[in-house]
Amino acid sequence: MIAGGRSRVLLMHPILDPGPAILAEAAEVISYPPDRPLDEANIRQAAEGCIGIVSQLMDPIRETVLSSPGLRCVSNVAVGFDNIDLAAATAHKVMVTNTPGVLDDATADFAFTLLMATARRVVEADNFTRSAGFHGWAIDMMLGQDVYGATLGIIGIGRIGRGVAHRAKGFNMRVLYYDPQPLPQEAEQQLNATRSSLDRLIAESDFISVHVPLTKETLHLLSTAQFNAMKRNAILINTSRGPVVDEAALVEALKARKLAGAGLDVYEREPAVHPQLIPMPNVVLAPHIASATVRTRSEMSAMAARNMATAVRGGRPPNLVNPEAKR
Ligand code: DGY
C-alpha cells in the first residue's frame with residue numbers, strides 16, 4: 001500500500017548493513033516496536049498498510065498476519081521458514097522468501113564446532129580450569145571421544161549436510177547419510193558418503209548431525225525409539241530446528257546414558273531450554289548462533305532486503321519459495 005507515494009515495509013527486527021540501506025531505497029521502512037510482544041495479533045496490527053514484512057525466525061507469521069489487505073511479500077531473514085504458514089501465504093498470494101546458500105559454511109563450521117566441543121569436553125574443561133580444578137596432569141582426566149576415523153551420520157544431505165560431510169573428510173570419518181533424495185554418485189564418491197536407512201545410521205554412528213528443515217514429517221524425527229537404538233558412545237548434534245528432536249525424550253535418554261552427549265544450538269521451545277539440560281556436563285548448549293558470523297549475518301540481511309526490494313518494485317524476488325503466490 002502506498003503512503004505518501006511510497007510503499008511501506010514492516011521491519012520486525014533490526015538487520016545488519018547493507019540491509020537497511022537496500023530497504024530504505026525501495027520503501028518507507030516502519031520498525032516493529034521492540035517492546036511489543038511477538039504474537040500474531042500485534043504483528044497484524046503493525047503490518048496494517050504494509051506491502052511487505054521483513055521477518056525473522058521467532059516471528060509467527062500465520063493466517064491472521066497473512067490475510068492483511070495489501071500484503072504482498074514476507075521476506076524471512078533465515079533459510080528456514082517454518083515460522084511462516086506457507087499454505088496460508090500462497091492462498092493469500094503473499095510471496096515468501098528466504099536466504100539460502102549464504103549461511104551454509106558458517107552453519108557447517110558450527111555443527112563441527114559443537115561436535116568437537118562435545119566429543120572433547122571443551123566447555124567442561126574450560127569451566128574446570130577456570131574454577132582452579134587443574135592441579136596437575138592425570139592419565140584419566142577429562143577423557144573424551146575420538147573424532148578422527150569415527151563414523152558420522154548426517155541426517156539431511158542438503159547444502160549444509162554436504163558441508164559437514166566435506167569437513168568430515170579432513171577427519172578421515174566414515175560418513176553415512178539419510179535423505180529421501182540420494183546424492184549423485186559422483187558427489188557420494190567425492191564426499192566419501194554412503195546413503196543409508198535412518199535405522200542403520202542411528203545404529204552405526206558415533207556422531208549424528210541433523211540438517212533437515214522442520215516439517216510435519218521431520219517433527220520429532222529423533223525420539224525415544226531412536227535414542228534407544230543409538231550406540232552408547234553416540235553424540236547428537238542439532239543445528240537445524242529444535243522440534244526435529246523430541247527434547248523431553250532426549251533428556252530421558254541422556255539421563256539413562258542411552259547416548260553419551262549432545263551439542264545443541266536449537267531447542268524445542270526457543271528461547272526456553274529444557275531445564276534438565278542445563279546441569280548436564282556432557283551437553284554443550286549454544287543460543288541458536290550457527291550462522292552468526294559477521295559476514296554471514298550481513299549477507300543474510302542484504303539478501304533478505306534485496307528480496308523485499310524486488311517484491312516492492314513488482315518483480316519476482318530471487319529467493320521466492322512459493323512461486324505460485326506471484327501475481
Ligand atoms: C536459519 O537461517 O534458518 C537459521 O536457523 C538462522 O540462521
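**Strands, crossovers and a ligand shell**

Student: Which residue in E12 is the bridge partner of Leu236?

Tutor: Ala262 is the E12 partner of Leu236. Helices (H or I, at least four residues) and strands (E, at least two) are DSSP runs, numbered from the N terminus. The model is predicted: local features need pLDDT of at least 70, side-chain atom pairs count only at pLDDT 80 or more, and totals for chains, interfaces and linings use all residues. Residues are numbered from 1 along each chain as its sequence is written, and side-chain values use heavy atoms, with hydrogens and water left out.

Student: Which strand lies parallel to E12 over three bridges?

Tutor: Strand E13 (residues 283–285) does. There, Val283 stands opposite Ala262. Ala262 points from E12 (residues 261–264) to the side of Leu264, while Gly261 and Gly263 point the other way.

Student: Why does Asn83 count as buried?

Tutor: Buried means under 20% relative accessible area, exposed means over 50%, and partly exposed is in between (1.4 Å probe, protein chains only). Asn83 has 4%, so it is buried. This residue sits in the loop between strand E5 (73–76) and helix H4 (86–91).

Student: Why is Pro33 placed in another class, partly exposed?

Tutor: Pro33 has 24% relative accessibility, so it falls in the in-between class. Its loop runs between strand E3 (28–31) and helix H2 (40–47).

Student: What makes E7 largely enclosed?

Tutor: Five of the five residues of E7 (residues 151–155) are buried, so the rest of the structure largely encloses this strand. Thr151, Gly153 and Ile155 point one way, and Leu152 and Ile154 the other.

Student: Which strands pair with E7?

Tutor: E8 (residues 174–178) runs parallel to E7 over five bridges. Leu152 has Val175 as its partner there. E10 (residues 207–210) also pairs with E7 in the parallel sense, over four bridges, with Val210 opposite Ile155. E7, helix H7 (residues 159–169) and E8 form a right-handed β-α-β unit.

Student: How do you know that Asn83 makes a polar contact with Asp59, and what is the distance?

Tutor: A polar contact is a pair of N or O atoms within 3.5 Å; within protein, one must be able to donate a hydrogen and the other to accept it, and residues adjacent in sequence count only if both atoms are side-chain atoms. The Asn83 side chain reaches the backbone oxygen of Asp59 at 3.0 Å, so the distance is inside the limit.

Student: Which residues have polar atoms placed against ligand oxygens?

Tutor: A polar backbone atom of Val79 lies 2.7 Å from a ligand oxygen. For a polar side-chain atom of Arg241, the distance is 2.7 Å. For an N or O atom in the side chain of Ser291, it is 2.6 Å. On its own, the ligand has 230 Å² of accessible area, and the protein covers 91% of that.

Definitions and conventions
Two strands pair if DSSP finds at least two bridges between them. Accessible areas come from the Shrake-Rupley method with a 1.4 Å probe; for residues, only the protein chains shown count as cover. A crossover is right-handed if, with the strands pointing away from the viewer, the path from the first strand over the helix to the second runs clockwise.
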